[in-house]
Amino acid sequence: MSDQPSTALTVAAIKFKWQNDDRTYDYFVPSGLELAPGDKVIVETKRGETTVEVVEIKTQSDKAEKHILRRAEPVEPVATDATQPAEDWNF
């Protein structure tokens, strides 16, 4: 047995975007990563990495086995080039 204090890990209940039911899956939150419901994160699945949404933060879980890999980067909107002249359809 170890005399070191165990650090309790926070757990995030996540939902996959293709799910149609209310089932969630628990993943451990890495130390130092602050998350809230609605945040997007990257997790490892059998088919590779995927982006999922955090739906709940928990203090414990008996179902969590894997860690969240990282926060998903926000998708930047595509900027339109305002310097390009609009097409002239006035005949």
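Predicted model: local features only at pLDDT ≥ 70, side-chain atom pairs only at ≥ 80, totals over all residues.

**Exercise 1.** Work out which secondary structure elements the protein has and in what pattern they follow each other.

*Solution.* Step one is to count: there are 0 helices and 5 strands. Step two is to read along the sequence, which gives you β-β-β-β-β.

**Exercise 2.** Find out where Val-29 sits and decide whether Val-29 is buried or exposed.

*Solution.* Start with the place: Val-29 is in the loop that runs between strand E2 (25-28) and strand E3 (40-45). Next, take its relative accessible area, 6%. The cut-off for buried is under 20%, so Val-29 is buried. Finally, see who touches Val-29: setting aside residues up to four places away in sequence, the list is Leu-9, Thr-10, Val-11, Ala-12, Leu-35 and Ile-68.

**Exercise 3.** Do the burial check for Asp-26, then name the side chains that make polar contacts with the side chain of Asp-26.

*Solution.* First, locate Asp-26: this residue belongs to strand E2. Second, compare its 11% relative accessibility with the cut-off of under 20%; Asp-26 therefore counts as buried. Third, look for polar partners. The side chain of Lys-58 makes a polar contact with that of Asp-26 at 3.1 Å, and the side chain of Ser-61 makes one at 2.5 Å. Beyond its neighbours within four places in sequence, Asp-26 also has contacts that include Val-11, Ala-12 and Glu-65.

Conventions:
Residues numbered from 1 in each chain as written. Heavy atoms only, no water. Helix = DSSP H or I, 4+ residues; strand = E, 2+ residues; numbered from the N terminus. Buried < 20%, exposed > 50% of the residue type's maximum accessible area, 1.4 Å probe, protein only. Contact = heavy atoms within 4.5 Å. Polar contact = N/O pair within 3.5 Å; in protein donor to acceptor, adjacent residues only side chain to side chain.
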